[in-house]
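Here's a quick briefing to read with the model open. Take a look at the structure first, then work through the points below.

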Amino acid sequence: MDNSVPLFDFAAVWSSRALLLEGFGIAMFCATAAIILAMIIGLFIALMRLSNSRILRAFAFVYTQLFRGVPLYVLVIWVYFGLAIVANINLPKIPAGIITLALLNSGYLSETFRSGILAVSVGQSEAGAAIGLTKRQIKRFIVLPQAFRIVLAPSGNQFVDAIKDTAILSIIGVPELMRMAQQQADLFYRPFEFYTTAGILYFIAVMGVTKLFTFIEKRMSRIGFTNSSQKLTNVGEYI
Amino acid sequence: MLEIKSVSKSFGELHVLKDVNLNVAKGEVVCIIGPSGSGKSTLLRCMNFISPPDSGEIVFDKVSWRSYRSKFNVLANLRYEKKLPQLRAEIGMVFQHFNVFPHMTTLENVSLGLQKVRKIKKDEAKQVATKSLEQVGLSDKLQVYPDQLSGGQKQRVAIARALALNPKVMLFDEVTSALDPELVSGILDEIRRLVREGMTMIIVTHEMKFAFQVAHRIVFMDQGKIVQVGTPAEIRNTQEPRAKAFLSSILE
């Protein structure tokens, strides 16, 4: 029996730690940038879904259905290769990855935001109208701040999904964690060790984000707004 | 000061208001009574277009207001929506379910309108808001969020919020119906204070004793129509069958 090759060997992983951590950093950067973009786009799409204009509503509906309905795998190829072919837009890899994730997540977040806005009671808007606020002011000062607290937990959940979804960006060669793990695994013939390490890193990131959102929620509930009808669910319960 | 001219409104097949007419003079206190579903609250909500009437007009301070919605002219709709707040800012309204803003302190609740509608600077708005809250007896709750207030206190915040804007008319929509019984009289006392100050008020209420005490005129509504209008004495001795039946069922 030849015992010279151990069953598990993480020495190779340790020697490649700089590359893996770099990949981890890029993955987190992509996820964070994408979720921020997605929140901004998602909010506008949600407001369009709720507007009086039939055209805006239709646009927002198609947008949401499209980006929720297409697999991320296809979407990333559309953005990276498709745009280059159709419109001659050659995006660098990382921006292409961020845009892809932002599109996908904005589709989901727009629905989350829409339901969050609708969850704020009509009486709130009526009270705002009664003191003479304009529609826009009612949204800005009354409805959205309350909706924000409602959507905080599901948004944290979406962030967690975005972190894990960065792995798919490896197919267009974004040098994120999964791509790095893949390359190193092939180099050292140690797929199990490298992918497990990547998995652990994703897990740590997800735990961190979960803790962060729980913390924000606690802060939020401390500044008023703890009535039971709109009590926030712990983000931990979603994952 | 406030004229309601042939206002009608329906929700689908249900005709909630049928050609309602009413004049309210400056300084007058009008109480609207009637069985549930008679259209009292809807009529009140039509006055500031929180529920816009389907037809008819509201004349306030000699300016006529009608519902407007164009299917095609988006700009005209926007212009109309920008104008409506001017009317609403002059009409204070207090709701059955308080509708205080849960994400703002008591003080912020009251100063929001001063800052955003009256365009008063923040510091000055806070002073006015503080004064308004002092008048309803909440000077020790300025920095408190609504979830730490009782129903009666929330309703006081709502009253202070409306009064801070110095409205010309106040609308009260069953403001004691959601309160615990022991808190009702406190809120009614706030309204009595406004009566003494000469505020023009239209009050939808189920508190009959109170209505007959404070009202200059009482409006009895049934099935979307004003059945009878008169002084409290006239209404108490009414011979109109529906009003009579309603009052005897309640005053017993």
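Predicted model: local features only at pLDDT ≥ 70, side-chain atom pairs only at ≥ 80, totals over all residues.

Residues are numbered from 1 along each chain as its sequence is written, chains are lettered from A and ligands numbered from 1 in the order in which they are written, and side-chain values use heavy atoms, with hydrogens and water left out.

**Nonpolar cores**

- The largest nonpolar core has 128 residues; a core here is a set of buried Ala, Val, Leu, Ile, Met, Phe, Trp, Tyr and Cys residues joined through side-chain atoms within 4.5 Å.
- Buried means under 20% relative accessible area, exposed over 50%, and partly exposed in between (1.4 Å probe, protein chains only).
- Helix 7 of chain A (residues 135-165) puts in the largest share of that core, 11 residues; helices (H or I, at least four residues) are DSSP runs, numbered from the N terminus.
- M47(B), L133(B), F172(B), M201(B) and I202(B) have the most contacts inside the core.
- Leaving aside neighbours within four places in sequence, I202(B) is in contact with residues including L2(B), V24(B), M47(B) and F172(B); contact means heavy atoms within 4.5 Å.
- There's also a second, separate core of 22 residues, with A34(A), L75(A), V79(A) and L103(A) among them.

**Helices 3 and 4 of chain B**

- The axes of helix 3 (residues 106-116) and helix 4 (residues 122-135) of chain B come within 8 Å and cross at roughly 125 degrees; axes are lines fitted to C-alpha atoms over the stretch in contact, with angles from 0 to 180 degrees between N-to-C directions.
- That makes helix 3 and helix 4 of chain B oblique to each other (under 35 degrees is roughly parallel, over 145 roughly antiparallel, 65 to 115 roughly perpendicular, and the rest oblique).
- Among the residues that meet are L107(B), V110(B) and L114(B) from helix 3 of chain B, and A125(B), V128(B) and L133(B) from helix 4 of chain B.

**Two buried residues**

- R45(B) sits in helix 1 of chain B (residues 40-47) and is buried, with a relative accessible area of 17%.
- Not counting residues up to four places away in sequence, R45(B) touches E126(A), I50(B), S51(B), M93(B) and D173(B).
- A205(A), in helix 9 of chain A (residues 191-222), is buried at a relative accessible area of 7%.
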